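Visitor: Hi, I've got a structure to look over and would like a quick tour. Can we just chat through it?

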Amino acid sequence: MDLYGKRLWLESANVKIPANSSSILYVIGKEKLKNYDKKDLVLKCSLKKTDSQDLIYKNFYYFVKPKDLNLKKPEIIITEGLCKSLQCFTIKSDVVVKNVFISIPGMSVNFSDNYFDLLPGQSRTIYLPKMNFISSLDKKLVIKSLIDTY
């Protein structure tokens, strides 16, 4: 996909993975990339169970070094809420956000998830520890990413 979330192609393959093994499961030919600027691409790979489609593993691959990506300033939407009796918030973006870092100035909070990549249109729900409740959380959150470093 490109950094705006446009799917450029989709491929899938059924694979069998022996226990305690490591091997190449799938190869994408270079010809698939020849019409695209590698600075604008991210490859999303996922491994799912065949019978249930349960997600086992997912990862993103970039074709250039992070500093060379054509990242754009994201518009991040924060939605505050309560999830499973814990305070939480959900973030969503219009473009790829590389290396999301979440903080609250003046506070040391161990969020359930931090320092991750967010794809366009994908949402990520973050939980606060049980003993923390922060009023007006969405106004106190500071979300930075790689684009904010240059």
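**Salt bridges and strands**

Guide: Let's start with Asp-68, which forms a salt bridge with Lys-67, their closest N and O atoms being 3.3 Å apart. A salt bridge here is a side-chain nitrogen of Lys or Arg within 4 Å of a carboxyl oxygen of Asp or Glu. This is a predicted model, so local features need pLDDT of at least 70 and side-chain atom pairs count only at pLDDT 80 or more, while totals for chains, interfaces and linings use all residues. Residues are numbered from 1 along each chain as its sequence is written, and side-chain values use heavy atoms, with hydrogens and water left out.

Visitor: Is Lys-67 buried or exposed?

Guide: Lys-67 counts as exposed at 62% relative accessibility, and Asp-68 is partly exposed at 29%. The cut-offs: buried is under 20% relative accessible area, exposed is over 50%, and partly exposed is in between (1.4 Å probe, protein chains only).

Visitor: How many salt bridges does a search of the whole structure find?

Guide: The search gives 5. One of them joins the side chains of Asp-117 and Lys-98, at 3.2 Å from N to O. Asp-117 sits in strand E6 (residues 116-118) and Lys-98 in strand E5 (residues 97-103), so this pair ties together parts that are 19 residues apart in sequence. Strands (E, at least two residues) are DSSP runs, numbered from the N terminus.

Visitor: And that pair, buried or exposed?

Guide: Asp-117 is buried at 11% relative accessibility, and Lys-98 is buried at 11% as well.

Visitor: What about Asp-113 and Arg-124?

Guide: Their side chains meet in a salt bridge too, at 2.3 Å from N to O. Asp-113 is in the loop between E5 and E6, and Arg-124 is in strand E7 (residues 123-127), 11 residues away. Asp-113 is partly exposed at 25%, whereas Arg-124 is buried at 17%.

Visitor: How many bridges between E3 and E4?

Guide: E3 and E4 (residues 86-93) pair over 8 bridges; Ile-78, for instance, has Ile-91 in E4 as its bridge partner.

Visitor: Which strands form a hairpin?

Guide: E1 and E2 do, with 6 residues between them, and Gln-53 in the turn has a positive phi of about 65°. E1 (residues 42-48) and E2 (residues 55-62) are antiparallel over 7 bridges, with Tyr-57 in E2 as the bridge partner of Leu-47.

Key
Pairing = 2+ DSSP bridges. Helix = DSSP H or I, 4+ residues; strand = E, 2+ residues; numbered from the N terminus.
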